Amino acid sequence: MAAYGQSNAKIAERLVLSPLTVRSHIQRAMTKLAARDRAQLIVIAYQSGLVKPHTDLSP
């Protein structure tokens, strides 16, 4: 969800978690993958094939 531009608050709302929990999970993923920031984490997700671009560009 982060790779599709969702904020921590939106992810938390959708998954029924607290924003702090979402932030913690994203931070742990960044640490494990040695990503310096959220943008690099997203690039890694796309490059690894974990996330595929979707073609629906409607809001």
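This report describes the predicted model of a protein chain, from its overall layout to individual residues.

## Confidence and overall layout

The model is predicted, and the protein chain has an average pLDDT of 91. A score of at least 70 is reached by 92% of the residues. Confidence is highest in helix H2, which covers residues 19–32 and has a mean of 97. It is lowest in helix H3, residues 38–47, where the mean is 94.

The secondary structure consists of 3 helices and 0 strands. Following the sequence, the pattern of the protein chain is α-α-α. Along the principal axes, the C-alpha atoms fill a box of roughly 30 × 30 × 15 Å. The protein chain has 59 residues, of which 22% count as buried. Considering contacts between residues at least 6 apart in sequence, 33% of them join residues at least 24 apart.

## The packing of H1 and H2

Helix H1 comprises residues 8–15, and it packs against H2 at an angle of about 110°. The axes of these two helices are 8 Å apart. Angles from 65 to 115 degrees count as roughly perpendicular, and H1 and H2 are therefore described as roughly perpendicular to each other. Their crossing is right-handed.

On the H1 side, the contact is made by Asn8, Ala9, Ile11 and Ala12. On the H2 side, Pro19, Val22, Arg23 and Ile26 take part. Sorted by class, the residues of this contact are 6 nonpolar, 1 polar and 1 charged.

## Two loop residues with positive phi

Most residues other than glycine have a negative phi. Against this background, two residues of the protein chain deserve attention. Valine 16 is not a glycine, yet it has a positive phi of about 55°. This residue lies in the loop between H1 and H2. Is valine 16 buried or exposed? Residues over 50% relative accessible area count as exposed; valine 16 has a relative accessibility of 72% and therefore counts as exposed.

Alanine 34 also is not a glycine, and its phi is positive, at about 55°. The loop between H2 and H3 contains alanine 34. Because its relative accessibility is 63%, alanine 34 counts as exposed.

## Leucine 33 and its contacts

Leucine 33 is located in the loop between H2 and H3. With a relative accessible area of 46%, leucine 33 is partly exposed. Which residues does leucine 33 touch, not counting those up to four places away in sequence? The residues in question are Leu41 and Ile44.

Leucine 33 and alanine 45 are 12 residues apart in sequence, and their C-alpha atoms are 10.0 Å apart.

## Serine 24 in helix H2

Serine 24 belongs to helix H2. Its relative accessible area is 28%, and serine 24 is therefore classed as partly exposed. How far apart are the C-alpha atoms of serine 24 and serine 48, and what is their separation along the chain? These two serines are 24 residues apart along the chain, and 22 Å separates their C-alpha atoms.

## Summary

The predicted model shows a protein chain with the pattern α-α-α. H1 and H2 are roughly perpendicular to each other and cross in a right-handed manner. Valine 16 has a positive phi and lies in the loop between H1 and H2, whereas alanine 34, with a positive phi, is found in the loop between H2 and H3.

Terms used. Residues numbered from 1 in each chain as written. Predicted model: local features only at pLDDT ≥ 70, side-chain atom pairs only at ≥ 80, totals over all residues. Heavy atoms only, no water. pLDDT = per-residue confidence, 0-100. Helix = DSSP H or I, 4+ residues; strand = E, 2+ residues; numbered from the N terminus. Axes fitted to C-alpha atoms, helices over the stretch in contact; angles between N-to-C directions. Parallel < 35°, antiparallel > 145°, perpendicular 65-115°, else oblique. Left-handed = near helix turned anticlockwise from the far one by under 90°. Contact = heavy atoms within 4.5 Å. Nonpolar A, V, L, I, M, F, W, Y, C, P; charged D, E, K, R; others polar. Buried < 20%, exposed > 50% of the residue type's maximum accessible area, 1.4 Å probe, protein only.
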